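Subject: A structure for you to look through

Hi there,

Here is the structure I promised to pass on to you. Please open it next to this email and follow along as you read.

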Amino acid sequence: MTLPEPRVRKGDTQPVIFVVEDQPELVRALRINLRARQYEVLAARTGREALALAASRPPDAIILDLGLPDIDGTEVIVELRRWSKVPIIVLSGRSSPGDKIGALDVGADDYVTKPFAMAELMARLRAALRRDEGEFAADAPRTVAIGRWLVDLAAHQVTPGSGDGGEQLRLTPTEWRILEMLLHSPGQLVGSAQLLTGVWGPGFQQRTNYLRFHMARLRRKLEDNPARPCHLLTESGMGYRYQP
Ligand code: CA
């Protein structure tokens, strides 16, 4: 079997992948496999070490264990998401739906359970890096109006469109990711499976209840009349559409 070409950004340095894991053998295996694919690797053994390192040298993606010697990996995600959108792939022995939902809801991008196939983890990493790059595409809109709100996708701020100041609206990381995908295709249907994969990762295509929950919250925050939305529309059985 031939491996796909490693992904290296044109004219850029190697992507930096940050491994947060307390098992030395696993760190070694990940390091070897990541380096073989032209990634630069940084590693931390504890959650606090990870937070300090991520702040001093922001990585392009993070592979994160949940069971760490000091703070829980979920806490690391919460802390990181206060300031960073870096793709986070959880790599954990915990396999219950509750663990997965918990990690994804606080802002993880993907979840791989141990034992895992290295090739699959690498494929998910490539997907996470691609998604991240897509979000910052040069032709993407920067500021979009929804009703009386102005959504600044670059600054990640929602402010009253009247321009006379007023309080910002706060959105969760999950709400941001859904909104970004919809706003990048104004007037177009974005399929539920595409949204679920884009926001939660592969394997979540059936979880349309996640979308219903978060779309309802987005409407309550952004629509003048959430019961009769004008901008964040449901296409029954298919997906959602942002109507400018
Ligand atoms: Ca561990």
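Pro115 sits in the loop between strand S5 (110–113) and helix H5 (118–135). Helices here are DSSP runs of H or I with at least four residues, strands are runs of E with at least two, and both are numbered from the N terminus. The bond between Lys114 and Pro115 is a cis peptide bond, with omega at about -5°.

Before you go further, please keep in mind that this is a predicted model: local features need pLDDT of at least 70, side-chain atom pairs count only at pLDDT 80 or more, and totals for chains, interfaces and linings use all residues. Residues are numbered from 1 along each chain as its sequence is written, and side-chain values use heavy atoms, with hydrogens and water left out.

**The whole protein**

The protein has eight helices and eleven strands. Its radius of gyration, taken over C-alpha atoms, is 19 Å, close to the 18 Å that the globule rule (2.2 Å times the number of residues to the power 0.38) gives for 244 residues, so the protein is as compact as a globular protein of that length. Along the principal axes, the C-alpha atoms fill a box of roughly 55 × 40 × 40 Å.

Of the 244 residues, 44% count as buried. Buried means under 20% relative accessible area, exposed means over 50%, and partly exposed is in between (1.4 Å probe, protein chains only). The protein exposes about 12,100 Å², and carbon and sulfur atoms supply 51% of that area; the method is Shrake-Rupley with a 1.4 Å probe, and for residues only the protein chains shown count as cover.

What about contacts, meaning heavy atoms within 4.5 Å? Among those between residues at least 6 apart in sequence, 58% join residues at least 24 apart.

Start with strand S1 (residues 16–20), where five of the five residues are buried. In a regular strand the side chains alternate between the two faces of the sheet. S1 is covered on both faces: Val16, Phe18 and Val20 are buried on one side, and Ile17 and Val19 on the other.

Which strands pair with S1? Two strands pair if DSSP finds at least two bridges between them. S1 runs parallel to strand S2 (residues 40–44), and five bridges join them. In this pair, Val16 has Glu40 as its bridge partner. To get from S1 to S2, the chain crosses through helix H1 (residues 24–36), and this β-α-β crossover is right-handed. Right-handed means that, with the strands pointing away from the viewer, the path from the first strand over the helix to the second runs clockwise.

On the way, look at Gln38, in the loop between H1 and S2. Gln38 is not a glycine, yet its phi is positive, at about 70°. With 35% relative accessibility, Gln38 counts as partly exposed.

S1 is also parallel to strand S3 (residues 61–64), joined by four bridges. Here Ile17 stands opposite Ala61, and Phe18 has Ile62 as its bridge partner. Both faces of S3 are covered too, with Ala61 and Ile63 buried on one side and Ile62 and Leu64 on the other.

S3 in turn pairs with strand S4 (residues 88–92) in the parallel sense, over three bridges. Ile63 has Ile89 as its partner in S4. The chain goes from S3 through H3 to S4, again in a right-handed β-α-β crossover.

**The calcium ion**

Which protein atoms are donors of the calcium ion? They come from Asp22 (OD), Asp65 (OD) and Gly67 (O), lying 2.2 to 2.4 Å from the ion. Asp22 lies in the loop between S1 and H1, and Gly67 in the loop between S3 and helix H3 (73–81), so the pair ties together parts that are 45 residues apart in sequence. Donors are N, O and S atoms within 2.8 Å of the metal (3.2 Å for Na, K and Ca); water is not among the atoms, so sites may look incomplete. Asp22 is partly exposed at 26% relative accessibility, and Gly67 is partly exposed at 34%.

**Around Thr174**

Thr174 is found in helix H6 (residues 173–183). Is Thr174 buried or exposed? Thr174 is buried, with a relative accessible area of 4%. Leaving aside neighbours within four places in sequence, Thr174 is in contact with Leu104, Asp105, Val199, Trp200 and His214. Val199 and Trp200 are among the buried residues of helix H7 (residues 192–200). Gly201 follows H7 and has a positive phi, near 105°.

Enjoy exploring!

Conventions:
Contact means heavy atoms within 4.5 Å.
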